[in-house]
Amino acid sequence: MATETLQDLAAEARGCTRCPLYKPATQTVFGEGPRGAAIVFVGEQPGDQEDRQGRPFVGPAGRIFDQALAEAGIPRDRAYITNAVKHFKFTPRGKRRLHKRPNAFEIDRCKWWLDRELALIRPRLTVALGATAVRALTGRPLAIGETRGRIFDLAPDLPGLVTVHPSSLLRVPDPEAKRLAYAAFVKDLAVAADALTLTG
């Protein structure tokens, strides 16, 4: 089914029932950014704050992501930012809602939306943030440590780059290790920025 605009696609996705995750979630969290974006970032799924606000990457991981984007020289408002899965998957724990990783079925069911986003945007580069995004874009699990930070075809006619999800940086307990992990993340994003400049 052809959809003329991202706004039309987002409106259609608001009623998505393709997998059971829509039932406990507050809302569908669709991607945001310009249709002509040269670069698309694909994360895992909305978190607690994203689910409440209806926007991707606005929670703690989003703040790290914004800072890293700025340091790598990529304006957020010129990128398209989305998730492999559009509903928040969680386990209730008292008043808290703890993130739970999407399974292969949920990723595959939601790929229908991701494929349509990418077909409309036609980015020059797609960045997979973490294992779930890698699984969605390549159709198979890949070891991030072995593939991160270099440009290769994630799928036919889909050049991209693999890096960690910024939420992983929040879980690094040692301050020095966290600093190094963050620097490596920025370095990966800078590779993407350089690739866009070279293909510009």
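## Surface and overall build

The chain exposes about 10,000 Å², and carbon and sulfur atoms supply 53% of that area. Accessible areas here come from the Shrake-Rupley method with a 1.4 Å probe, and for residues only the protein chains shown count as cover. Please keep in mind that this is a predicted model, where local features need pLDDT of at least 70, side-chain atom pairs count only at pLDDT 80 or more, and totals for chains, interfaces and linings use all residues. Residues are numbered from 1 along each chain as its sequence is written, and side-chain values use heavy atoms, with hydrogens and water left out.

Of the 200 residues in the chain, 50% are buried (under 20% relative accessible area; exposed means over 50%, and partly exposed lies in between, with a 1.4 Å probe and protein chains only). The C-alpha atoms fill a box of roughly 45 × 40 × 30 Å along the principal axes. For 200 residues, a compact globule would have a radius of gyration near 16 Å, and the chain agrees with its 16 Å (taken over C-alpha atoms; the rule is 2.2 Å times the number of residues to the power 0.38).

There are eight helices and seven strands in the chain (DSSP runs numbered from the N terminus: H or I of at least four residues for helices, E of at least two for strands). Among contacts with a separation of 6 or more, 73% join residues 24 or more positions apart (contact means heavy atoms within 4.5 Å).

## One face of a helix

Which residues of helix α1 (residues 6-13) are buried? They are Leu6, Leu9, Ala10 and Ala13. Seen down the axis of α1, these buried residues fall within an arc of 100 degrees, so they line one face of the helix (the arc is that of the directions from the helix axis to the C-beta atoms). Their cover includes β2 (80-83) and α4 (104-121).

## Two positive phi angles

Most residues other than glycine have a negative phi. Phe57 has a positive phi although it is not a glycine, and Arg122 is likewise a non-glycine residue with a positive phi.
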